[in-house]
Amino acid sequence: MRTITINTLQAMKQDGEKFAVLAAYDATFAHFISEAEVEVILVGDSLGMVVQGHDTTIPVTVEQIAYHTAAVKRGARRSFIIADMPFMSYGDCGSALRNAATLMQAGAQMVKLEGGAWLADTFHQMAERGIPTCAHLGLTPQSVNKFGGYKVQGRDADHAQQILSDAITLEQAGADLLVLECVPTPLAAEISRSLSIPVIGIGAGPHTDAQVLVLYDMLGLTPSRAPKFTKNFLLGQPDIPAALRAYVEDVKSGAFPAEEHSFK
């Protein structure tokens, strides 16, 4: 696999070629993910739940994300690395810039922030300073206490319009990528058509430019009930590398996600 950059991902969107993303947290898995030609590795604050055993992502710190980002960087030779900005690490522009610098210096090539149009100035300032950014809309896990749980977002017309408006605003502010989580398939399709930047879906249907899953979920290592949008790719495969390749193939062919992994 060629070394992946922002330009690679942008060209793939323009060419209509889907790309695969996995959330992972250590050097060994990062090595096998990169060897399976997964274009992007997300060092997600989901590590708070799947690695640390918390109920939410909120306890995760910048220092913890930086530690896991450095580990992933050492394992992944060609995949593009995105690091999550943890809860309240970007509450103001100054904090956002300082904490993003920490994650970039640890090995991230982009940082991801959850939130809508209120972040426009932060995205603009990061772009000015050479920090690539990924926006995250829809179900934003750091807002779980505000949402009252992990719920599908954008099901009513007004909320759907707000998510679309936020997506356009953040692209204009300088966002390079967008993650859409747990939104109805038609809304994700409309947003993907409306933006020139690549859109990565999770529980957002098959019409986005890319798909992301948590590594543990796609290997069937979910202690409780697996989310609707996941699939166990290890089933029927001889080993983990084969499961990773099966995930990439299904994302690129459009076989994943199917209707049963999406929301109406």
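How close do the axes of H4 and H5 come, and at what angle do they cross? I began my notebook with that pair.

**Ground rules.** I am reading a predicted model, where local features need pLDDT of at least 70, side-chain atom pairs count only at pLDDT 80 or more, and totals for chains, interfaces and linings use all residues. Residues are numbered from 1 along each chain as its sequence is written, and side-chain values use heavy atoms, with hydrogens and water left out.

**Entry 1: H4 and H5.** I found that the two axes come within 8 Å and cross at roughly 25 degrees. That makes H4 roughly parallel to H5; angles under 35 degrees count as roughly parallel, over 145 as roughly antiparallel, 65 to 115 as roughly perpendicular and the rest as oblique. I noted that axes are lines fitted to C-alpha atoms, for helices over the stretch in contact, with angles from 0 to 180 degrees between N-to-C directions. Helices (H or I, at least four residues) and strands (E, at least two) are DSSP runs, numbered from the N terminus. From H4, the contact (heavy atoms within 4.5 Å) includes Val 62, Ile 65 and Lys 73. From H5, Asn 99, Thr 102, Leu 103 and Ala 106 take part. I sorted the contact of H4 with H5 by class and got six nonpolar, three polar and one charged residues. In this scheme Ala, Val, Leu, Ile, Met, Phe, Trp, Tyr, Cys and Pro count as nonpolar, Asp, Glu, Lys and Arg as charged, and the others, Gly among them, as polar.

**Entry 2: H2 and H4.** Next I looked up helix H2 (residues 27-35) against helix H4 (residues 62-75): their axes come within 7 Å and cross at roughly 45 degrees. That makes H2 oblique to H4. Ala 27, Ala 30 and His 31 of H2 meet Ala 71, Val 72 and Gly 75 of H4. This contact of H2 with H4 has four nonpolar, two polar and no charged residues.

**Entry 3: H6.** Which residues of helix H6 (residues 120-128) are buried? I listed Ala 120, Thr 122, Phe 123, Gln 125 and Met 126; buried means under 20% relative accessible area, exposed over 50%, partly exposed in between (1.4 Å probe, protein chains only). Their cover includes helix H5 (93-106), strand S4 (110-114), strand S5 (133-138) and helix H8 (157-173). Just after H6, I spotted Gly 130 with a positive phi of about 80 degrees.

**Entry 4: the core.** The largest nonpolar core has 89 residues, and Leu 178 and Leu 180 touch the most other members. Such a core is a set of buried Ala, Val, Leu, Ile, Met, Phe, Trp, Tyr and Cys residues joined through side-chain atoms within 4.5 Å. I followed Leu 180 to strand S6 (residues 177-181), and its relative accessible area is 0%, so Leu 180 is buried. Leaving aside residues up to four places away in sequence, Leu 180 touches, among others, Leu 137, Ile 163 and Ile 202.

Entry 5: Where do I find Met 88? Met 88 sits in the loop between strand S3 (80-84) and H5, and its phi is near 60 degrees, a positive value in a residue other than glycine. At 58% relative accessible area, Met 88 is exposed. Cys 182 also is not a glycine, and has a positive phi of about 50 degrees. I placed Cys 182 in the loop between S6 and helix H9 (185-194), where Cys 182 is buried, at 5%.
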